[in-house]
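Reader: I've just opened this one and could use a guide. Can we go through it together?

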Amino acid sequence: MKYFRMPLVGLLSATLLVTGVQTAVADEAAPQAPLRTLAERADLRIGTAVDMAALADDTTYRRTTGREFNSVTAENVMKWEVVEPARGTYDWSGADALVRFARERGQVVRGHTLVWHSQLPGWLTSGVADGSIDAAELRGILRRHITTEVKRYKGRIQQWDVVNEVFEEDGSLRNSIWLQQLGPSYIADAFRWAHAADPKAKLFLNDYNVEGINAKSTAYYELAKRLRAEGVPVQGFGIQGHLAIQYGFPGDVPENLARFARLGMQTAFTEVDVRMILPADEEKLATQATYFRGLLDACLGTRSCKSFTVWGFTDKYSWVPGVFEGQGAATLTGEDFGRKPAYGAVREGLAEGR
Ligand code: XIL
């Protein structure tokens with residue numbers, strides 16, 4: 001462990017304890033513009049997922065969220081299991097707090113997410129499983145959920161992830177309760193209901209492993225093309241961007257964004273993190289930086305890609321170690337908020353602009 005001096009940027013303390021691997025790459029001299037300032041010049045929203053517990057408890061986290069980003073996404077508090085824990089009983093406390101935080105800091109909000117197979121409330125999944133909720137009722141429940149949530153934040157959500165992770169890797173529709181109970185038309189229905197509730201919000205499809213051109217991203221392309229031909233209000237394709245350095249950088253990312261742009265759609269990177277097998281070392285962190293930069297450059301190179309969101313900005317609260325065994329170090333800064341090469345790479349990319 002080494003101590004070294006950091007510039008007095010915002011409220012980071014002057015002297016930070018940073019692990020050896022990060023030392024080589026942290027800031028050197030003068031205070032630098034925060035990411036959001038550079039992003040504004042590049043006509044880009046730079047966002048982060050926000051962990052509401054950390055936002056409440058951790059001053060450095062809260063100040064960094066406000067200082068560095070001009071877009072925020074709820075990591076969990078807008079998901080169905082959180083907002084309607086018991087049927088007809090709502091808890092908007094976390095979502096309201098985030099929307100308020102964002103407004104106070106001039107940030108836009110990405111709404112995440114309305115229809116997903118995961119993090120559904122227990123009353124809903126068990127009701128479907130035991131047959132007490134039939135398909136017709138389920139459709140009404142979904143419609144009410146979408147309408148209630150989107151209306152509540154009408155005018156305050158820039159982009160909504162309306163459907164999340166609806167395809168399998170081979171491009172077939174995911175066998176979720178939505179597909180099983182309602183058939184494939186639930187996707188168009190979800191977009192129509194969301195649009196009716198907030199006509200100005202940009203409505204997105206969203207998934208992982210769709211950075212480059214592959215069977216899954218092509219399924220989204222075909223779906224988007226068909227929905228738009230039918231007049232269904234779908235305006236954006238969200239690419240999560242959960243990468244891992246041991247799997248290589250995906251090919252054809254710019255080409256993939258371009259084909260959605262040709263459909264007249266926006267694109268966005270919505271959940272970027274780049275994990276590695278632990279322990280991290282200098283070489284892995286350097287590779288990681290090139291991955292962040294690769295996705296960012298693809299976005300900056302596509303005029304209709306106006307939003308780039310990281311799935312958390314500090315390893316202190318990253319979801320990765322809890323889900324991918326033996327992996328981590330996936331975000332822009334360490335557990336101590338010390339900046340990694342990836343932070344510098346993103347800053348450089350933003351500074352270079354489009
Ligand atoms: C993750 C959160 O980060 C975790 O805190 C939670 O336990 C599970 O969900 N794709 C998505 C996100 O669309 O909502 C997921 O977020 C990560 C993968």
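Predicted model: local features only at pLDDT ≥ 70, side-chain atom pairs only at ≥ 80, totals over all residues.

Reader: Which residues of H6 are buried?

Author: Buried means under 20% relative accessible area, exposed over 50%, partly exposed in between (1.4 Å probe, protein chains only). Helices (H or I, at least four residues) and strands (E, at least two) are DSSP runs, numbered from the N terminus. In H6, Gly94, Ala95, Leu98, Val99, Phe101 and Ala102 are the buried ones. Down the axis of H6 they fall within an arc of 160°, so they line one face of the helix; the arc is that of the directions from the helix axis to the C-beta atoms. On the face turned away sit the exposed Arg100, Arg103 and Glu104.

Reader: And what about the backbone, which peptide bonds are cis?

Author: Most residues other than glycine have a negative phi, and most peptide bonds are trans. Here, the bond from His112 to Thr113 is cis, with omega near -5°, and Thr113 belongs to strand E5. Another cis bond runs from Leu278 to Pro279, with omega near 5°.

Reader: Where is Glu165?

Author: Glu165 is in the loop between strand E6 (159–164) and helix H9 (177–182). Its phi is positive, near 60°, and Glu165 is buried, at 9% relative accessible area.

Definitions and conventions. Residues numbered from 1 in each chain as written. Heavy atoms only, no water.
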